[in-house]
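My entries follow the model.

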Amino acid sequence: MNQTLSIDGARLYRTLDALGAIGGFEDPHSGLRGVCRLALTAADGAGRRHVVELMRAAGLEVRIDQIGNVFGRRAGQNDRLRPVMMGSHIDSVATAGRFDGCLGVLGGLEVIRTLNDAGRSTLRPLVVAFFTDEEGARFGTDMLGSAVATGRIPLKDAHALRDRQDLSVRDELAAIGFLGTDEPRLEAPYAYLECHIEQGPVLRTAGVDIGVVTGVQGICWHELSIVGRSAHAGTTPMSLRADAGVAAARINLALREMVASGRFGPEFRATMGVIAPYPGLVNVVPGQVTATVDLRDPDTALLDAAEAAIIAFYAEAARLEGVTIQHRRSARTPYVAFDADIQRRVAEAADARGFSRAAIVSGAGHDAQELSRLCPAGMVFVPGEFDGISHNPRELSTERQCADGVNVLLDVACALAEQAATLEELS
Ligand code: GLV
Ligand code: MN
Ligand code: MN
């Protein structure tokens, strides 16, 4: 392991700030600057071009695939060996901070810059990647680019996804100039590493520097279309109503009751992040509601049971309120365990640098869980301030916290990049 090299934490933080200024907005609630780079918007395009320029300036050869994933490659001493890939995403939710995803991408870039400055080469090539629409906040399916790259979602299905304005992924990729030509099916890297903010309170509360991520919990998303009958709020007797808003409220409360029942385990989480009534006026009974349900559980069987239970409740809510409820499953991933050897390497790298560390299960979805189908994959978490709040402009990891995580990334990436050719690579 290379102990002598360390990254430039101040440069990393400046680079995070510069990317965070693209798609920046003034959050009226906190008065803070937030980030809005929803996937494949003009702001995402600008962020992508900025990072591609940084990659080229660091000497990386940049390639773009047909789902808009971007790969910057640094040659290895034996350039035929499979690369060690570092990456994450730079798209954001509409109310983001500047660290989610960006730390993994710009952290990977910082590793490259550090090696460049030191005049070091590695046996295996290194690749820095950012994947399209990890958030799923615009087109409804999370980890979209990495799921296409690893074969879980067919390219044509991904291209056909549409946002609420009926714009397709394919057209929007073309509009921002990131409909690449490379085959999206990724050849297996030697290993994949992702440094990310924890996005929760665990590490910060425990005063721990580094999270050794053991896996990612299961995720299930539904999009709901609830249709009742719109009517005058003042004149329509309560007995004659089919209120789509009330049906949505019943579902939301049923989710809370499912959590409280304990039937789906102590870690079960459930959220209705979108409840959008139509026409959305003070004196009109909502005739339609578009809503989403997000279920998470580290136990895949319990997640399956929770999904079945809420689907059964959709029928009950429809009956009780006299509405129709249709659901579409827009995302579903099981619990994913990360590679044991990479976890060990992350732990040892943290120890060698004198960082405290703890094993942690990720509550958020990540590109690393997709890549784990192709190659050994693992993640390094760093704590966040303010209970690790994320998907919010208050999201904050300090320069030191970010630098610690990326130093661990550097150590593990460099060690893996010195691993000799496997028998398969020699044949
Ligand atoms: C991605 O940020 C997620 O929703 O887990
Ligand atoms: Mn993320
Ligand atoms: Mn996110």
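I noted the ground rules. This is a predicted model, where local features need pLDDT of at least 70, side-chain atom pairs count only at pLDDT 80 or more, and totals for chains, interfaces and linings use all residues. Residues are numbered from 1 along each chain as its sequence is written, and side-chain values use heavy atoms, with hydrogens and water left out.

Next, ligand 1. Which residues are around ligand 1? I listed Glu-134, Glu-135, Trp-221, Arg-296, Ala-364, Gly-365 and His-391, counting a residue if one of its heavy atoms lies within 4 Å. By class, the shell holds 3 charged, 2 polar and 2 nonpolar residues; Gly counts as polar.

I then checked polar contacts, pairs of N or O atoms within 3.5 Å. Arg-296 places a polar side-chain atom 2.7 Å from an oxygen atom of ligand 1. For Glu-135 I found 3.0 Å to a ligand 1 oxygen atom, again from a polar side-chain atom. The His-391 side chain has an N or O atom 3.1 Å from an oxygen atom of ligand 1. Alone, ligand 1 exposes 190 Å², and the protein buries 94% of that (Shrake-Rupley method, 1.4 Å probe).

Terms used: Chains are lettered from A and ligands numbered from 1 in the order in which they are written. A polar contact is a pair of N or O atoms within 3.5 Å; within protein, one must be able to donate a hydrogen and the other to accept it, and residues adjacent in sequence count only if both atoms are side-chain atoms.
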